[in-house]
Amino acid sequence: MNAGAIVLMVVSLLLVWGGLGVSIAMLMSRPERTEWPEGWERDDADA
Amino acid sequence: MSTQTSPETRPREEWTGQVGFILSAIGSAVGLGNIWRFPGVAYENGGGAFLVPYLVALVTAGIPILYLDYAIGHRFRGSAPLAFRRISRWFETLGWYQVAICFAIAVYYTAVIAWALSFFWYSFGLRWGDDTTTFFLVDYLQVADVGGEDPWFTLDFVPAVLIPLVLVWVVTIVVLAAGVARGVQRVNIVFMPLLLVAFGVLVVRSLFLPGAADGLNALFTPEWSALRNADVWIAAYGQIFFSLSIAFGIMITYASYRRRRGNLTSPGLVVAFANSGFELFAGIGVFASLGFLAGQQAVAVGDLEGITGPILSFVTFPALVSQMPAGSLFGALFFGSLVMAGFTSLVSILQVVSAAFQEKLSISRRQAALGIGGLAGVISVLGFSTTTGLIALDTLDNWANNVGIVSSAVIMCVLVIWVGRRGGELRFHLNSVSTFQVGSWWTFCVGILAPLVLGWMLVSRIQTLLVEGYEGYAPWYTGLVGWGAIAAFVVFAVLLTLAPWRSPVGAYDAWPRYDKEHAPGAREGKGGPA
């Protein structure tokens, strides 16, 4: 492979797969919002 | 599920958890286009340089419109027609327009999955022989000589297509009837990891084939001058847009099954990057394999024919597999991957239709699955398992995507952001339930940038179709199947909007309550309870 192709392949893999990795890490560290403002106690199971 | 409860009172089906929602959304996004469209589009639009507009399009249109779909579906908790109706009475028409698009796509998409299923079977023994073009078009599809000796429509059924097609419809109806958690989610939880493993084996193997480096050179060598070409940017926005399953009801419907306090934006990032990650992965595998095929045929990769679309999958890949060591195994892995990627997308497309009719007619999911699946199955068999099926499929696919879905996106952005003026409320909703906060950039992207770019795409595409026609097909034929389909979507949408709801749909109380005056501080407790 030529140098330009290698650089573009590595950079695009880093950005896209790196973006996926960061997104997953972010989601694992805070999967859901846990604190809710007062008064927002409505049940989750409603329509 | 009760058959006579209203959308207001019926307990809504839900994903069992975050993983089920994410895998199902990825399953919908990752489809046939990731495997057969992205590599060719990237190659033809600047190679490695294409990644620049591609990533810009992902961040400025793909993710923002995905979030718009999520926000509408989750806040207004309904299929596309019900969710839009809850924004404004007449927006329901847009929801039915999206349902019509999904129905049309489902009837031909199933045929492609049936082809892949056949070729999965043919892989054992490499039954396509040496001349894969003749095998696909003449021996397998038995394509009629339309415009020549044969009429444009026939009812000459092709058993090799008909049998797998019926099988796909039966399985699809069973999955839809089983419901969101036990049907759609379960299929995705099984198929998505399997798809990753099967395609992963294929990609890794392709990297070790002689000539793989030539293929990767062709794909990734940057042609920077392409970035000055507006068409390349449009191609990037088009690829992201078609690839993510956005703006035609799927992500609205899927988000409506997310529990009230479910995170939206962070899972959305995972879905968007997983979709792009998969298509980049597919691009590497496809072009490494094409490099090998070019070497075998002693031509340059650029001189190969059929590097995108169905011809890549059903003509070029069989030829390639025939020349690979252990070709049967890799053929089975490739076509098995196509079946899994296509099927998980298909169930998401039909869930849009099923959910809409369940709510409008107050029918159970089993009634909806049988009624809609049965009707769609009959149309699918009549239209696409005959000797004229390929031409009908090609035409309908072009109009449903390039005119139907793109117009749906433009109308959705304009109606929701500009006419209904719900941008602030939907941004508030995303930020209220999610851990990753979206800023005013999101409103700019969905309110200005995306509709402008997509609107330009739509106008230029319509102009081309009107002036140049499509693929040399007879104008009366494209008028009937292409433009006729778009007209039918509109008529269907208006009629279904006018039809009464089987149970009353009253004023909807969205949660959390949005108070324009205090919206910025609502998350700190100033917003009142719903």
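**A tour of helices in chains A and B**

Start by selecting residues 6-27 of chain A: this stretch is 100% helix and 0% strand, with its end C-alpha atoms 31 Å apart. Helices here are DSSP runs of H or I with at least four residues, strands are runs of E with at least two, and both are numbered from the N terminus. An unreviewed UniProt entry annotates residues 6-27 of chain A as "transmembrane region"; such annotations may be inferred rather than shown by experiment.

You are viewing a predicted model, in which local features need pLDDT of at least 70 and side-chain atom pairs count only at pLDDT 80 or more, while totals for chains, interfaces and linings use all residues. Residues are numbered from 1 along each chain as its sequence is written, and chains are lettered from A and ligands numbered from 1 in the order in which they are written.

Next, select α8 of chain B, residues 159-178: its 20 residues reach 29 Å from first C-alpha to last, close to the 28 Å expected at 1.5 Å a residue. Colour its buried residues (20 or more other C-beta atoms within 10 Å of their own, C-beta atoms being placed from the backbone), among them B:P164, B:W169 and B:I173. Their cover includes α6, α9, α15, α16 and α17 of chain B.

Finally, show α4 (51-76) and α18 (423-433) of chain B, whose axes, lines fitted to C-alpha atoms over the stretch in contact, come within 9 Å and cross at roughly 85°. The two helices α4(B) and α18(B) are therefore roughly perpendicular, a term for angles of 65 to 115 degrees.

How values were computed:
The expected span of a helix is 1.5 Å times one less than its number of residues. A residue is buried if 20 or more other C-beta atoms lie within 10 Å of its own, exposed if 12 or fewer, and partly exposed in between; C-beta atoms are placed from the backbone. Two residues are in contact if their C-beta atoms, placed from the backbone, lie within 7 Å. Axes are lines fitted to C-alpha atoms, for helices over the stretch in contact, and angles run from 0 to 180 degrees between N-to-C directions. Angles under 35 degrees count as roughly parallel, over 145 as roughly antiparallel, 65 to 115 as roughly perpendicular and the rest as oblique.
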